[in-house]
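User: I would like to learn how to read the strands, helices and cores of a protein model, one feature at a time. Could we work through one together?

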Amino acid sequence: MKKYLVIGNPIDHSLSPRLHNSWLKQNNINAKYDKIKLEVDEIESLINKIKQKKIAGCNVTVPFKKKVIPYLDKLSKEAEQTQSVNTITFDGNDLVGHNTDIFGFTKAIESLDFAMKNKNILILGAGGVVPSIILALNEMNVSEIIISNRTKQKAENLKFFFKNLKIVEWGRLPDFDVIINATSIGLNDEIINLDFSKSGKNKLFYDVIYNPAETNFLKIGKELGNKTENGKTMFIYQAYEAFRLWHGVSPKINNEILNLLEND
Ligand code: ATR
């Protein structure tokens, strides 16, 4: 039986095994998908196991999306542009790093009734997922992308790859049409220390977090009369694209699958 994995740290919260194992069953594919918590010094030996084909494919989550890159043979264009890998596949005997987060975010935005063209976007955070979001937003022809991160230097570093960014101090709230929480604030019910009450209405508040389904950031956004969306659709579509890369089949996204992600 073929074996697939997601690696990360922490990994307990990951719903990827639930999603992939259901799709494997639905498609009568004889394989199993597990999750493994790794320490950083264990990455190389894990990747060697993949090279020996003991593992058929691997998803990579926080905080290893960049750290796996030196051990891979090739990168897809998107993985190269973002220096972020969340899916590892084989091309013959070569290990290839892909980035399906970009596809996930793009599909999530497409599924909303909200035109991104010529909009001002404010991203809170500068961590692992942000380059993927910026790349996807650039394809949507947004007007301006502003980054605000607690550690300003990390936001400045993104300019090396993406020239069109504007950086503002953490704690400042410039005008925006869309605000994206890409920090980890909210995973444990924390509140972002920003006053959104003067930002106007009918904006889009998007949170990359999907568990909890409604962070305080989304709750406040909704109370103030804005459209809100969590990271669930992005999560499902990054998995969908990984499944397609490994198995050559487009898995179904139906109520059975959506319900799987609710029962916690
Ligand atoms: P990494 O930074 O290792 O890539 P991540 O989970 O992808 O990890 O990113 C976490 C993001 O949440 C970062 O932008 C982080 O800000 P710093 O770069 O300053 O660390 C942000 N973050 C986490 N906790 C925060 C807090 N209490 N206040 C503000 N920002 C926070």
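User: How many bridges join E7 to E8, and do these strands run parallel or antiparallel?

Analyst: This is a predicted model, in which local features need pLDDT of at least 70 and side-chain atom pairs count only at pLDDT 80 or more, while totals for chains, interfaces and linings use all residues. Residues are numbered from 1 along each chain as its sequence is written, and side-chain values use heavy atoms, with hydrogens and water left out. Helices (H or I, at least four residues) and strands (E, at least two) are DSSP runs numbered from the N terminus, and two strands pair if DSSP finds at least two bridges between them. Here E7 and E8 run parallel and are joined by five bridges, with Leu-124 having Ser-148 in E8 as its bridge partner.

User: Which strand order does the open sheet with parallel pairing have?

Analyst: The order of its six strands is E9-E8-E7-E10-E11-E12, with E9 and E12 at the edges, each pairing on one side only. Neighbouring strands of this sheet are turned by 20° against each other on average, direction ignored, where axes are lines fitted to C-alpha atoms, for helices over the stretch in contact, and angles run from 0 to 180 degrees between N-to-C directions.

User: Through which helix does the chain cross from E8 to E9?

Analyst: Strand E8 (residues 144–148) and strand E9 (residues 165–168) run parallel and are joined by four bridges; the chain crosses between them through helix H6 (residues 152–158), and this β-α-β crossover is right-handed. That term applies if, with the strands pointing away from the viewer, the path from the first strand over the helix to the second runs clockwise.

User: Which residues have the most contacts inside the largest nonpolar core?

Analyst: In soluble globular proteins, nonpolar side chains tend to be buried together. A nonpolar core is a set of buried Ala, Val, Leu, Ile, Met, Phe, Trp, Tyr and Cys residues joined through side-chain atoms within 4.5 Å, and buried means under 20% relative accessible area, with exposed over 50% and partly exposed in between (1.4 Å probe, protein chains only). The largest such core has 33 residues, and those with the most contacts inside it are Phe-105, Ile-123, Leu-137, Ile-147 and Ile-180. H5 gives the most to this core, with six residues. Apart from it lies another core of 20 residues, among them Tyr-4, Val-6, Ile-11 and Tyr-237.

User: Why is H5 described as largely enclosed by the rest of the structure?

Analyst: The description holds because eight of the 10 residues of H5 are buried, including Val-130, Ile-134 and Leu-137. H5 is followed by Asn-141, whose phi is positive, near 55°.

User: In what order do the strands of the open sheet with mixed pairing lie?

Analyst: Its six strands follow the order E2-E1-E3-E5-E6-E4. Strand E2 (31–37) and strand E4 (74–75) stand at the edges with a single partner strand each, so one side of each is left without a neighbour in the sheet. Helix H1 (residues 16–26) packs on the sheet, touching E1, E2 and E3 (contact means heavy atoms within 4.5 Å), and its direction makes about 175° with that of E2.
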